[in-house]
Amino acid sequence: MVKLEFHDPSGTLEVTQPHAPRLASLEGKRIGFVSNEQWQAYRMLPMLKEMLEQDFPGVTVLPIDTYPQGNALIGTEETAAQVKKSGVDAVIVGNAA
Amino acid sequence: MKNAVSGVGLAPDAAMVTFPIPLFLPGSDLTSLKERKREFYDGLTRWKSEFAQTAGPAKMLAVEGASYEDALTKANSFLLTHLWGDGLPLWPATKERVDWILRGIALPRTHVLGKFPPRGGITTIETCAIALAMAGGRPEYLPVLVSAVDACLAAEGFDQLQATSGGPFPAVIVNGPIAKQIRLNSGFGLLGPDPQRPAGASIGRALRLLQQNVGGALPGVGTMAIFGAMRYTNAVFAEDQEGLPPGWQPHATHRHGFTPGTNSVSVVFASGVTNVRRRGAKKESPEEDALNGMWRMADFMRTPNLAALAGWEKGTPGIMMLPPIVARRMAELGWTQNSIREFLWENSRIPMAQMRRAGAPAWIEIDANPATRASISLDPWPICMNPDNIVLLVAGGGHPTHSYWLQAHSPTVEGRVIRVPETFEQLLAEADRDLGRGEDVHRV
């Protein structure tokens, strides 16, 4: 048998920060949306907001346009700082490509 | 989406709820959104990352076969099934082949160039050598590839260029003597395969493999490029500096300020390629032939290429290539590089009525750049802020009939000096031994 050894071409990944811890429950929590505002976000995200409000007592879902919207803005440090400052417990990112 | 999170240092297995494209079309049925609401709730409450990989040297992989040919076939199948191939035969990046390629650069193999977006794979000199080995490259190509990768990683919005549906591809323009030394094409067929000048195919293919394998630009998954043109080898070619008329500057000097004779790359992200039949057909005078051709080029450029808005202020609307024989004739008639760029800029302006008819102002209104948004008051609307934004090159075969327009989606045009090792002459001598003594010997 002939053995052929070669390098993995995919490069390594480096995890430098953990994902945010998950919430125990959504009840009574404040939830925001960060949206790139593409492809029917104006229909889908309000529907998701409504479902969250129906399913979880005491939940506060911020208006869809609370934070900057659009591809050019949702990934910026300024938007991240704005989300953090607003004191939400969780955000849902709407990112249609 | 996975690429987006891993590229910023998070584990790539983010909590996601994904939907197929039809759900996003106007008037679509949103029932499935209701049916899958639990997935959103679980993503916020129960989801856990299971990713554990950490950074380090590239892993070694292995296949076994009854013979070398069998093992080579299995290695190619392995690379394809792991989504690391492009459908063409690959050289497995063995230790011997990668070490050979690494002779082409003085930097250590562990030197980090950056994270390749959007996936965020750590890109070292060795990572580049692995891709070049797979693409059939040679050591003397490595300095050009490394400079091109460095320029790409520095390009504004490169993460979005990698992933966007318009499918821009890097066009790597090489200036300086290294182009001829490594057999890079600047003449006939410079955008295609050429056995006498094979460097561009290997370098461009290696760059594409890096974009896919390290950067995560896998069709339909990591890149939404709907058509994905020029994505086997991108476009890696040289400007024909010997063909520049007296007094004309090399592209790298005009655009980046590099001294003539400097080895360099300049990276434009192009989104299309268009042949322009430039030459006249009857009894035009030289002056008429030149002017008619200029109008025809401007006519091709006068389109609402909305992807080019990204480079309206600082980037470029595209690359216009003139064959050297045309550039020389136009220079004899008094045209200069500046007057050509100014003519093309002035005469590719689009009447705002046509822009409105095409719905183009809406895209200008939502552009992130204030200068671009302000351009909406201009009528006719210029396709870029200044004539100097247009990349004008002397390149292509010695034939006057056509010029070539590569429209762009290029927020910036990044230039890099190419550094070669002290042993470069030895590498070139070895290339002469392997491939023949240079293109002139083999010219058909």
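Predicted model: local features only at pLDDT ≥ 70, side-chain atom pairs only at ≥ 80, totals over all residues.
Local features need pLDDT of at least 70 and side-chain atom pairs count only at pLDDT 80 or more, while totals for chains, interfaces and linings use all residues; side-chain values use heavy atoms, with hydrogens and water left out. Residues are numbered from 1 along each chain as its sequence is written, and chains are lettered from A in the order in which they are written.

Let's start where the chains meet. Taking contact as heavy atoms within 4.5 Å, chain B contributes 71 residues and chain A contributes 42 residues. Between them they bury about 5,200 Å², with 68% coming from carbon and sulfur atoms; buried area here is the accessible area (1.4 Å probe) that two parts lose on being put together, summed over both. On the chain B side, Phe24(B), Tyr41(B) and Leu44(B) lose the most area to chain A, together 14% of what that side buries.

What about specific pairings across this contact? There are 15 residue pairs in polar contact between chain B and chain A, both residues at pLDDT 80 or more. A polar contact is a pair of N or O atoms within 3.5 Å; within protein, one must be able to donate a hydrogen and the other to accept it, and residues adjacent in sequence count only if both atoms are side-chain atoms. The chain B side that touches chain A divides into 43 nonpolar, 17 polar and eleven charged residues. In this scheme Ala, Val, Leu, Ile, Met, Phe, Trp, Tyr, Cys and Pro are nonpolar, Asp, Glu, Lys and Arg are charged, and the others, Gly among them, are polar.

Side chains of opposite charge can pair when their charged atoms come close. Within chain B, Lys74(B) and Asp70(B) form a salt bridge at 3.4 Å, N to O. These two sit about one helical turn apart, because they are four residues apart in helix 4 of chain B. Helices (H or I, at least four residues) and strands (E, at least two) are DSSP runs, numbered from the N terminus.

Now for the backbone. Most residues other than glycine have a negative phi, and most peptide bonds are trans. Leu83(B), in the loop between helix 4 and helix 5 of chain B, has a positive phi near 65°. Arg183(B) also has a positive phi, about 70°, and is found in the loop between helix 9 (178-181) and helix 10 of chain B. A cis peptide bond with omega of about 0° joins Pro117(B) and Pro118(B), and another joins Asp379(B) and Pro380(B).

Finally, the lining of the largest cavity includes Met301(B), Trp381(B) and Gln407(B), and by class it has eight nonpolar, three polar and no charged residues. On a 1 Å grid over the protein atoms alone, a cavity is a set of points where a 1.4 Å probe fits but cannot get out, and lining residues have an atom within 4 Å of a point.

Terms used:
1 Å grid on protein atoms, 1.4 Å probe; cavity = no way out; pocket = protein on both sides within 12 Å on 5 of 7 lines; lining within 4 Å. Salt bridge = Lys/Arg side-chain N within 4 Å of Asp/Glu carboxyl O.
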